[in-house]
Amino acid sequence: MTASLVANGVSKTFGTSKVLVDIDLTVDGGSVHALLGQNGSGKSTFIKILSGYHRPDPGGEVRVGGRELHLGTVGAAHALGARFVHQELGLVDSLSITDNLALGSGFPVRYGTIMRASFDASATEDLAVVGLDVNPQMPVERLSPAERMLVAMARALRAEKAGPVTLLVLDEVTAALAKREVERVMTAIKTVTARGVGVLYVTHRLQEVIDLADEVTVLRDGHRDTQAKVSGLDKASLVRLLVGHEVAEPGRQPPPVGPRIESEAMTVRGLKSPSLHGVDLQIRAGEVVGIAGLMGSGREDLLGTIFGVQRPSAGSVAGPGFSICAGKPRECLAAGIAYVSHSRQLSTAGSLTARENLTLGDLSAVWRPPLLRHKRERAETLVWFRKLGVSPGDAVDRPLWTFSGGNQQKIAIARWLRCRPRVLLIDEPSQGVDAEARAGLHDLLLGAAREGAAVVTSSSDVEELVGLCDRVLVMRDGRVAAEVTERERTTERVTSLLHGPRLAGVS
Amino acid sequence: MRLPRRSLGLDRFSGIYLWALFVLVFGLWEPGTFLTKATLDSISSEQAVGAMLGIVVVLPLAAGVYDLSIGATANLSAIAATWLQDSHHWAVWPATAAAVGCGVVIGATNGFLVVKLKVNAFIATLGMATVVAAVQEIISVSQPLPPTSQAWAHLSGLEIGGIQIVVVYMLVLAAILWWVLEHTPAGRYLRAIGANAESARLAGVNVGGWQWLAFVVAAAVAGIAGVLYASQNGPSTTFGTALLLPAYAAAFLGSTQLRPGRFNIWGTVLAVYVLATGVDGLELATGVAWLNDMFNGVALIVAVAFAVWRQGKTGRVESAPSADSNSDSDVRDRLRQRSVRTMLTLSRRYMYSGQQRKPTTE
């Protein structure tokens, strides 16, 4: 059987940084090849090269189903029979399954009219391929997450005039699924490979690699670190492959000067939501606490649910002098708990100026009735710009959207640092921020902690957490499953805890 | 990443240049009739009520919600005020107060529908406009007679230093709302809500409360404007609807002036008067009657299209990496899309409500 995908010497350089170096990868027809790697290791760049979104550096070659892929052209891979399913499935929730199936490839029509009956019949067949037995008339919004995923897969696999599907690329599709649901997806993937389609499977979940994959490739910093047969590997050895043997302790700032303040800042009790199953947290003043967890562990929702981005179904937040229900932004702020979202759409307003965004958290300092003191506001904003190194440094009256992502993030954080919160909750603090700015942001957060604030940060980047935090809480299945204290804090230990308790003793 | 400097002004002040051009052209064209105090008086006072409505829709628009009921509210207030004086022999001031009270009640109801029941503002206020029109018909089957008291005529027609008092009201109102929007925390909160309601909520802004207040103030001022219109022109039963779209046109046009990309008060006032000057001049010069609608419509489309094009040139292209802009035009688009989507979703829900989900294989 010809290989579904052969990549030879694929490299990609953005500006001066090499993101992928000389990657070779082969996916045999009818097999599953897992692609592993930490955040920023180059997985998604590789996928984007396959799909034609990025043009690789000259010299590499990719063949799909034996035919050469014209690199850097959107749609070329599709024409050769490669299909992509991403974590954002690209389904329209309010449309029916049949309509969603047809969105990519079109409806069967006669005289310009959609042939409903035959179409529904073919939709049922398409769904059967992935083992989904539901009424194709149903709107997608009424399906479970796993079923939606299967619909997206069925859509990718639909027979088209262009020719048979040879390669299916699944990019972290199970990330948001619960364990039980993942099994349905696994079964579907096995059905697909039985038809001779090769699957390139990107995931963070090691158990899935062991259960499903024939081969595994591990990327680290853009290099192919390992390529191995999966049979004979266990979870512990995969963790070692993933983290690498020589985990260097990331440089850590000197320990805070002076005595640590050890008073309670915030205690969360019994926090529950669809993705959280009873979380308790105890946060002390002056410490930086990291929250780690894979996608789907509840980690990405925890801080937002405390503050009220998502509605918790239960849970309380208490601290010195306050006791409130979780999930109410205004009450949280009154209690001195501030929150910076991972999404700039939630943390800032792009059409307001930088100054207006910065001071929105607390206008009392610049409101001297009957006027808002714009001059004073500008001066204060300039001070924060200088403190955080926002560039351009004098553009305080520009709309926020004209700033780069990293600078927007700095302004979002400055809004709350300016209010001197008791607790600062911050999701993905350095998302979209370059390495230098990242160090600056870390300094800011550590500075806030030194002045007595508690900083709680959740990140998908374990190395960042280990470098930044005093202790790291590891979440699994909607609960805090483990705590890594200051002394035993290593990337390897946290990573192994992400994947399950049995491995806790390995490192 | 370079924005037009503040001093350039060709786009920000295009309205003022255009205004000067109109005065010049029509001054040369019809020197005898156009460049007279009579023209100035008629333009300024005839447009004052329209300008008030234009100003007041800026408030809900800045907060990211439409209020399509202000026209109907103004009309109901006008009819209520005259009817109370006519049929119930109320004095001018109590009748006026009652009429404005109508506005407050309508605004509060709008707020309840949008904030508490989460009905899309576009739909809620459109429905409210129709309900208000029906209420108006209930209280007055036919057009009421204009009250004859001196105080009623003076309400809008009193002259202060040669200027009709209705113009003064309009300027005072504009100044107050400008102060609120640009120089108080309330204005900041309203704008934050309009720019991105969810981020405003997460910044601790009471989104529902401020939107509610915007509805109440908009409707109350619309009530005042309606009473003034009736005092000025007599109690028409249809003027409200006719003033609604021009008010929005002025607000949108105003958002391309002085502070482009933001709904703003003085830009709106400017827009109203530039358009009125153009229309009046053309009517004087040509004697054609359909110019008003044609001119207003074309000017609105051209000005907004130009502003969008400018925004595309100065913003999106040059700052491609952070294209997640939330400009007011985006907000408008989103509002429009949202209302359409709501209707689609409602119809889908209805269609599928009978179908039961088959048990899945688990």
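Which residues have the most contacts inside the largest nonpolar core? They are Leu425(A), Met52(B), Leu53(B), Val56(B) and Val58(B), in a core of 178 residues. This is a predicted model, in which local features need pLDDT of at least 70 and side-chain atom pairs count only at pLDDT 80 or more, while totals for chains, interfaces and linings use all residues. Residues are numbered from 1 along each chain as its sequence is written, and chains are lettered from A and ligands numbered from 1 in the order in which they are written.

**Nonpolar cores**

- A nonpolar core is a set of buried Ala, Val, Leu, Ile, Met, Phe, Trp, Tyr and Cys residues joined through C-beta atoms within 7 Å; buried means that 20 or more other C-beta atoms, placed from the backbone, lie within 10 Å of the residue's own.
- Leaving aside neighbours within four places in sequence, the contacts (C-beta atoms, placed from the backbone, within 7 Å) of Val58(B) include Leu177(B), Ala251(B) and Phe263(B).
- A second, separate core has 72 residues, among them Val27(A) and Met153(A).

**The sheet in chain A**

- Six strands (DSSP runs of E, at least two residues) form an open sheet with mixed pairing, in the order E18-E21-E22-E15-E23-E24.
- E18(A) runs parallel to strand E21 (residues 423-427) of chain A, paired over four bridges.
- Ile337(A) has Val423(A) in E21(A) as its bridge partner.

Terms used
Two strands pair if DSSP finds at least two bridges between them. A residue is buried if 20 or more other C-beta atoms lie within 10 Å of its own, exposed if 12 or fewer, and partly exposed in between; C-beta atoms are placed from the backbone. Two residues are in contact if their C-beta atoms, placed from the backbone, lie within 7 Å.
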